[in-house]
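Before reading on, take some time with the sequence and the model below. The paragraphs that follow go from the inside of the fold to its charged side chains.

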Amino acid sequence: MDMRKLVGRNVRRIRLKKGLTQEQFADLSGFSQQYVSSLEHGRRNPTIVTLYELAMALGVSHMDLVRPS
């Protein structure tokens, strides 16, 4: 399983569930919209710190970002 794609799918799924656009999520997380887009498409390899920061911005556990759906 490609962890980059898994994380990207989970970030997108949770972001959409919360009703956030990529731009809104970028503002909340402190990452650029381009980074969020690349992440959701599985083209980024986020660090553990980045996973934590993304999870905090989404209001979920960092484990929710790496758990298969």
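The largest nonpolar core has 17 residues, and those that touch the most other members are Val11, Phe25, Leu39, Leu54, Leu58, Val60 and Leu65. A nonpolar core here is a set of buried Ala, Val, Leu, Ile, Met, Phe, Trp, Tyr and Cys residues joined through side-chain atoms within 4.5 Å, where buried means under 20% relative accessible area, exposed means over 50%, and partly exposed lies in between (1.4 Å probe, protein chains only). At least two residues of this core come from each of helix 1 (3–17), helix 2 (22–29), helix 3 (33–40) and helix 4 (48–58), and helix 4 gives the largest share, with 5 residues. Helices are DSSP runs (H or I, at least four residues), numbered from the N terminus. In soluble globular proteins, nonpolar side chains tend to be buried together.

The model is a predicted one, in which local features need pLDDT of at least 70 and side-chain atom pairs count only at pLDDT 80 or more, while totals for chains, interfaces and linings use all residues. Residues are numbered from 1 along each chain as its sequence is written, and side-chain values use heavy atoms, with hydrogens and water left out.

Two residues show what contacts look like in this model, a contact being heavy atoms within 4.5 Å. Leaving aside residues up to four places away in sequence, Val60 touches Ile14, Lys18, Ala55 and Leu65. Ser38, which is found in helix 3, touches Arg43 and Arg44 when residues up to four places away in sequence are again not counted. Ser38 counts as buried because its relative accessibility is 16%.

How many salt bridges are there? The count comes to 4, if a salt bridge is taken as a side-chain nitrogen of Lys or Arg within 4 Å of a carboxyl oxygen of Asp or Glu. In one of them, the side chains of Arg12 and Glu40 meet at 3.9 Å, N to O, and this pair links distant parts of the chain, since Arg12 is in helix 1 and Glu40 in helix 3, 28 residues apart. Arg15 and Glu40 also meet through their side chains, at 2.6 Å, N to O; Arg15 lies in helix 1 and Glu40 in helix 3, so this pair ties together parts that are 25 residues apart in sequence.
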